[in-house]
Amino acid sequence: MKDLLIDKSQDFFLILEKEKSEWPAFYFEYVKNAPYIFSNYHRIFNLDEEAIKKRILSFERRFLDKVFQSLPEIGPYKYEVARAIVSKAESMDLAISDFHFYIVGGLDFDPVTVIDEQNTLIDVLALYRVGFENLEDLCVKISMRR
């Protein structure tokens with residue numbers, strides 16, 4: 001179950017300790033933890049380094065701080081996602097190892113982005129905008145398309 005829902009969103013908010021001018025450098029260091037996931041995420045949105053920098057610098061510190069303060073609220077929803085995906089996998093005779101959901105600080109485009117057949121990126125910033133309570137529905141819909 002630990003490999004099903006990988007929550008690295010907390011790590012992203014270390015960005016708040018930096019001056020805004022340093023946010024792009026922080027982001028590029030942050031994405032090194034899951035290079036395959038992020039390189040494909042950036043490719044899906046057709047982003048080069050300059051576009052990523054511009055996007056990061058467009059974030060408002062107030063918004064990032066609100067999302068960070070709300071992170072504890074996501075806990076029960078993560079449990080429901082895991083339960084729903086396990087149930088779906090069992091009903092379709094799929095191995096849980098076929099599903100990996102990464103909850104991360106992304107670039108605030110879509111709450112859920114399919115990276116490939118096994119990997120899905122959940123952007124905590126975009127998810128905050130649509131509401132953490134929608135996490136289960138979003139993830140189940142994504143996994144149904146596999």
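Helix α5 (residues 61-70) has four buried residues, F63, L64, V67 and S70; buried here means under 20% relative accessible area, exposed means over 50%, and partly exposed covers what is in between, with a 1.4 Å probe and protein chains only. Looking down the axis of α5, these buried residues fall within an arc of 130°, so they line one face of the helix. That arc is taken from the directions from the helix axis to the C-beta atoms. R62 and Q69, on the other side of α5, are exposed. The helices and strands named here are DSSP runs (H or I of at least four residues for helices, E of at least two for strands), numbered from the N terminus.

A word on the source: this is a predicted model, in which local features need pLDDT of at least 70 and side-chain atom pairs count only at pLDDT 80 or more, while totals for chains, interfaces and linings use all residues. Residues are numbered from 1 along each chain as its sequence is written, and side-chain values use heavy atoms, with hydrogens and water left out.

What does the buried side of α5 pack against? The partners of its buried residues are α1 (9-12), α2 and α7, with contact meaning heavy atoms within 4.5 Å. L64, one of the buried residues of α5, touches F12, F13, I15, L16, W23, F59 and L125, leaving aside residues up to four places away in sequence. L64 also turns up in the largest nonpolar core, which has 49 residues, and is listed with F12, Y27, F38, I122, V124 and L125 as having the most contacts inside it. Such a core is a set of buried Ala, Val, Leu, Ile, Met, Phe, Trp, Tyr and Cys residues joined through side-chain atoms within 4.5 Å. Helix α6 (residues 75-91) supplies the largest share of this core, six residues.

Helix α2 tells a similar kind of story. Its buried residues are W23, P24, F26, Y27 and Y30. They span an arc of only 160° around the axis, which puts them on the same side of α2. Among the elements covering them are α1, α3 (35-44), α4, α5 and β2.

Next comes the pairing of α2 with α4. Two packed helices are described by the angle between their axes and the distance between the axes. Here the axes of α2 and α4 come within 9 Å and cross at roughly 115°; axes are lines fitted to C-alpha atoms, for helices over the stretch in contact, and angles run from 0 to 180 degrees between N-to-C directions. The crossing of α2 past α4 is right-handed, a label used if the near helix is turned clockwise from the far one by less than a right angle, with left-handed used if anticlockwise. On the α2 side, W23, P24, Y27 and F28 take part, and they meet E49, I52, K53, I56 and L57 of α4.

Then there are the charged pairs. Side chains of opposite charge can pair when their charged atoms come close. Counting a salt bridge as a side-chain nitrogen of Lys or Arg within 4 Å of a carboxyl oxygen of Asp or Glu, the total comes to five. One of them joins E49 and K53, with the closest N and O atoms 3.6 Å apart. Both residues sit in helix α4 (residues 49-58), four residues apart, or about one turn of the helix. E49 is partly exposed at 48% relative accessible area, and K53 is partly exposed at 28%. Another salt bridge pairs E29 with K32 at 3.2 Å between the closest N and O atoms. E29 lies in helix α2 (residues 23-30) and is partly exposed at 48%, whereas K32 is exposed at 54%.

R129 and D108 form a salt bridge too, their closest N and O atoms being 2.7 Å apart. This one links distant parts of the chain, 21 residues apart: R129 is in helix α7 (residues 124-130), and D108 is in the loop between β2 (100-104) and β3 (112-114). R129 is exposed at 54% relative accessibility, but D108 is buried at 10%.

Most residues other than glycine have a negative phi, and most peptide bonds are trans. D108 is not a glycine, yet its phi is positive at about 60°. N46, also not a glycine, has a positive phi of about 55°. N46 sits in the loop between α3 and α4 and is exposed at 69%.
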